[in-house]
Amino acid sequence: MRVVSGIQPTGTPHLGNYLGAIVNYVKLQDEAHASGGECFIFLADLHALSMPHIPAELTAATREMVATLVACGVDPGKTVLFNQAQVPAHAELQWLLNGTARMGWLNRMTQWKDKAGKNREGQSIALFTYPVLQAADVLLYQATHVPVGEDQKQHLELARDIAQKFNNDFCPEDAPLFTLPEPYIPPAAARIMSLRDGTAKMSKSDPSEMSRINLVDDADTIMKKIKKAKTDPEPLPSEDAGLEGRAEAANLVAIYAALAQCDVAKVLSEYGGQGFGTFKPALGELLIETLAPISARFLELKQDREALDAILARGAARARERGVPTLDAAYKALGLVRG
Ligand code: TYM
């Protein structure tokens, strides 16, 4: 079992990142550790160059993201925790894979289309080729399990396509180089939506602070955001089917289910027939209970810059070492001569 995933150190991590991905980093890290496998979690700082950014903010956000992940339970004793910029093999393998990835494949990426909008000509090349770097990230470590939210599924499918084509084009049939990675997506929390609009995903880039719960929000802020979350006037239904066409209600119930680690049906069996006047405070309490220890730990860890840098340096050294065999084999398969 090889678990690999990444998170961009931009903006403040939110509940969507936590329930969609970070919870599963911790779960799979523990499973990998118990079964003799390995887990690699990295800060995708090279990916952050795809959008305009302020260098000093990227540096600070990178350290803060390490503190966040550790506060959430990513254990540097069990997981190789690092940032891409310290492991040049990610960028090197991306270049090698650029010969295999096709323009048409990248043109179909919905994230590219969404982020570029009508101004494709004005975007950075990094935004377009971003999914090839993401493929390199996971293929470098021969990932088997990639914990991500639903929005990254298409990028993982692309990574599989690139791996498959490279294996077909450059490897003997009985000795493929790359393992095909599988996305690991949580059923209830695959796509946590904005608290202001049930049709848009909760996102770091949403201009409205009220649209998301940040992992470091204090108890009052969390309760205020949940109480102000957009809903409809109907009480909650008693069965799943009753949530159809009620995106905002469905989102709040899904968040509750993910936090309580139960399914939606169980939440509805408890709250069916009740209004949001009852449900929202219960959800707010559950969120505060889950996030309070995380933000307390984060604030403590954040103070110790040296300790955070040491975690990254140790992780990067390990990652550099673990990536060598695959990178070397990729150069060789392509017929590139190195000293
Ligand atoms: P990023 O930084 O946007 O998000 C990090 C993780 O959080 C998940 N996520 C969500 N899950 C559920 N609901 C939401 N509203 C929500 N918002 C974000 C994302 O799916 C992701 O798992 N391209 C990636 C980073 C990356 C990566 C990789 C991931 C780079 N290389 C290799 C996996 C493997 C990204 O920008 O994630």
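Guide: The chain carries 35 positive and 41 negative side chains, and the centres of these two sets are 4 Å apart. Please bear in mind that the model is predicted. The chain is built with 12 helices and five strands. For its 339 residues, a compact globule would have a radius of gyration near 20 Å, and the value of 21 Å found for the chain agrees with this. Along the principal axes, the C-alpha atoms fill a box of roughly 70 × 45 × 45 Å. Buried residues account for 49% of the 339 residues. Of the contacts between residues at least 6 apart in sequence, 76% join residues at least 24 apart. The accessible surface amounts to about 15,700 Å², and carbon and sulfur atoms contribute 52% of that area.

We may now turn to the aromatic side chains themselves. The structure contains 10 aromatic pairs. One of them is formed by W112 and F128, whose ring centres lie 5.0 Å apart; because their planes meet at 70°, and an angle over 60 degrees counts as edge-to-face, the pair is given that description. W112 belongs to helix 5 (residues 110-116) and F128 to helix 6 (residues 125-139), so the pair ties together parts that are 16 residues apart in sequence. Are these two residues buried or exposed? W112 has a relative accessibility of 7% and therefore counts as buried. F128 is likewise buried, at a relative accessible area of 13%; the cut-off for this class is under 20%.

A second pair consists of F166 and F170. Their ring centres are also 5.0 Å apart, but the planes stand at 55°, so this pair is classed as tilted. Both residues lie in helix 7 (residues 153-170), and because they are four residues apart there, about one helical turn separates them. Their surroundings may be stated in turn. F166 is buried, with a relative accessible area of 0%, whereas F170 is partly exposed, with a relative accessible area of 36%.

Aromatic side chains also gather in a group. F40, F42, F82 and Y141 together form one aromatic cluster.

To draw the account together, W112 and F128 make an edge-to-face pair that links helix 5 with helix 6, while F166 and F170 make a tilted pair within helix 7.

Methods:
Residues are numbered from 1 along each chain as its sequence is written. This is a predicted model: local features need pLDDT of at least 70, side-chain atom pairs count only at pLDDT 80 or more; totals for chains, interfaces and linings use all residues. Side-chain values use heavy atoms; hydrogens and water are left out. Helices (H or I, at least four residues) and strands (E, at least two) are DSSP runs, numbered from the N terminus. The radius of gyration is taken over C-alpha atoms; the globule rule is 2.2 Å times the number of residues to the power 0.38. Buried means under 20% relative accessible area, exposed over 50%, partly exposed in between (1.4 Å probe, protein chains only). Contact means heavy atoms within 4.5 Å. Accessible areas come from the Shrake-Rupley method with a 1.4 Å probe; for residues, only the protein chains shown count as cover. Lys and Arg count as positive and Asp and Glu as negative; His and the chain ends are not counted. The place of a charge is taken as NZ of Lys, CZ of Arg, CG of Asp or CD of Glu. Rings of Phe, Tyr and Trp (its six-membered ring) pair if their centres lie within 6.5 Å; planes under 30 degrees apart count as stacked, over 60 as edge-to-face and the rest as tilted.
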